[in-house]
Amino acid sequence: MKLCQLALLASLGLGVTAHANDWTTPAEATHFRTTPDYAGTLAYLDRLVAAAPGKLKRVQFGTSPQGRPLIAIVASGNGSFTPEEARKAGKPVVLVQAGIHPGEIEGKDAGLMLLRDFAVTGKLPHLLDHVVLIYIPVFSVDGHEQSSPYNRINQNGPDSMGFRGQAQYLNLNRDYIKADAPEMQAWLALWNRWLPDFFVDVHTTDGADYQYDLTWYTEDPHKLDPGVAAWQQHLMIDQALPAYEKRGHLASIYLEFTDGRDPRKGIENFGSGPRFSTGYVALQNRPALLIETHMLKSYQVRVRATYDLVELLLQDIGRDPASLLAVNRHADDAVIARAGQAQASVPITFKPDPQATPFQLKGYAFSLSHSDISDSTWIQYDPRKPQTYTIDNRNGLLPDITITPPAAYAVPAQWTDIIARLDAHGIVYRRMDHAMTLHASGYQLDHPHWAAKPFEGHLMLTGFDLASSSRDIALPAGSVIVPMDQRAANVAINLLEPQAPDSLLRWGYLNAIFEPKEYGEPRVLEKLARDMMDKDPALKNEFERKLKDDPAFAKDSNARLSFFFQRSPWYSVQGVGAYPVLRLDAAQARQALNTSH
């Protein structure tokens, strides 16, 4: 069969099935002009699995909203196809994920080539002697099939590519902690079963033009166990990147420009957090790498850049698998041991480090001009003129808000959405067999305000006043006690602490606590206000000061009456703003656990 005919078949997703011994991938067959559809991708993978059943195994880990199978390939040099077999053999598990944003699909085609060269061509026969690889060719499979030449205006090829959102218009790379999407719930089940030791998430950039084939990101050391941070720094800086650049590539740290219209103003942290893949994996005490190939390089260059880096990472991990297993085990043990430390401190938000460092940006010459269309600055790059700029690197982060973890959290049984999220993340808890009343600490939340428009299907709670409080609360049978002496404690903290940026409170799962269900008629509140001021001169003075200092309040008759209602027992009895999740000390936790199973 002629190459042009082969290319046509591949572009139609029919794969390269003309000859049993022809292992050209669909993308290679078209000289990387196209990428196969999901059926063509799975057909090629099935051929590989059939040819090398002792090295590759196809597993379905879920189903998409439109009914497509979520497929992963487990690859191993000696047929370690379960987490139990991997652990028994002392092999770290590496999870490589492609297509969470299906328009950014290099990881899929690079993965097909890499599995082929490991399993059937003999090019990389020992790549996975000491590592087990889980490869997800396409995570957002429904978005992948919504293919169009117009999905990625900023990107150079392939001819057609998938859509950023999944079928319910959710961005899976904002869904890790809230886990709304069926795909994410399936991914979390896969994660909890395998507990991978290293994670790689493959993307394509947007943004500026520069010389690099690829940029990369690891979470700030302040978000990680020190051993995990040191291990991934050594892997990237000392091992993988020098070998990668010897293959003719240029790579850079992730480039989030402070001002996209003028790269000379420097770079900053893009704001990763638990909603993102690498931010979530950090909460799981594991190292993770974000790969971002450069959108303006050819698709072939981007696929090859991904292939080479992932190959080198697997080689480096395989040379010393014990070190990765040891740092992860130590990180888990440290989180568990922290539960017994009264003065432990856990950062839940981070702020930019004011100390910038110099960075050599290998970019291109550019011009800045005023646009009469946008009435703003228009930057135009000249890729014929490479140029190096010394700019400020402000990627560093510092802890901001920190909390002291309780011995355990208590979640009342009626808050089923919260408990369902604990289940999705594999967080260990115990259910109470019978009701009990506890006097425990918690939070009172007042003056909430929300975003002006929805984000990822939610109206985010953007601010509130928080005060610690203690109260008696009746916990019904079926309430759950979440102890902090578990390896996933950091995930629980970021779900349950109100101030965490991706807490369930922030995502709006508890908005109802801010809604009073009873109100006072104005004629009743008029009398209540007078009675309260007669009994409490200080309250009268506070009211008069607010009339003087707050003109908007003074003009709002309902606000003036609410001032008194909200300070009355008729309002406080409703528990408005009382955060339902309790923080238990060690004695309270033991008491509650004695009633649970």
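In this predicted model, strand β16 (residues 408-411) pairs with strand β20 (residues 480-483) in the antiparallel sense, over 4 bridges. Within that pairing, Y409 has V482 of β20 as its bridge partner. Strand β16 also pairs with strand β21 (residues 582-584); these strands run antiparallel and are joined by 3 bridges.

A separate strand arrangement involves β8, β13 and β12. These 3 strands form an open sheet in the order β8-β13-β12, with mixed pairing. Its edge strands are β8 (267-268) and β12 (357-370), each of which pairs on one side only. Strand β8 runs parallel to strand β13 (residues 377-394), and 2 bridges join them. Across this pairing, E268 stands opposite R394 of β13.

| Strand pair | Sense | Bridges |
|---|---|---|
| β16 and β20 | antiparallel | 4 bridges |
| β16 and β21 | antiparallel | 3 bridges |
| β8 and β13 | parallel | 2 bridges |

Turning to the helices, α14 (residues 522-535) packs with α17 (residues 557-565) at an angle of about 55°, and their axes lie 9 Å apart. Helix α14 is therefore oblique to α17. The crossing of these two helices is left-handed. On the α14 side, the contact is made by P522, L525, E526, L528, A529, M532 and M533, which meet L561, F564 and F565 of α17. By residue class, this contact comprises 9 nonpolar residues, no polar residues and 1 charged residue. In general, an α-helix has 3.6 residues a turn, so residues three or four places apart point the same way.

Helix α13 (residues 489-496) is mostly covered, with 8 of its 8 residues buried. The buried residues are A489, N490, V491, A492, I493, N494, L495 and L496.

Conventions:
Residues are numbered from 1 along each chain as its sequence is written. This is a predicted model: local features need pLDDT of at least 70, side-chain atom pairs count only at pLDDT 80 or more; totals for chains, interfaces and linings use all residues. Side-chain values use heavy atoms; hydrogens and water are left out. Axes are lines fitted to C-alpha atoms, for helices over the stretch in contact, and angles run from 0 to 180 degrees between N-to-C directions. Angles under 35 degrees count as roughly parallel, over 145 as roughly antiparallel, 65 to 115 as roughly perpendicular and the rest as oblique. A crossing is left-handed if the near helix is turned anticlockwise from the far one by less than a right angle, and right-handed if clockwise. Contact means heavy atoms within 4.5 Å. Ala, Val, Leu, Ile, Met, Phe, Trp, Tyr, Cys and Pro count as nonpolar, Asp, Glu, Lys and Arg as charged, and the others, Gly among them, as polar. Two strands pair if DSSP finds at least two bridges between them. Buried means under 20% relative accessible area, exposed over 50%, partly exposed in between (1.4 Å probe, protein chains only).
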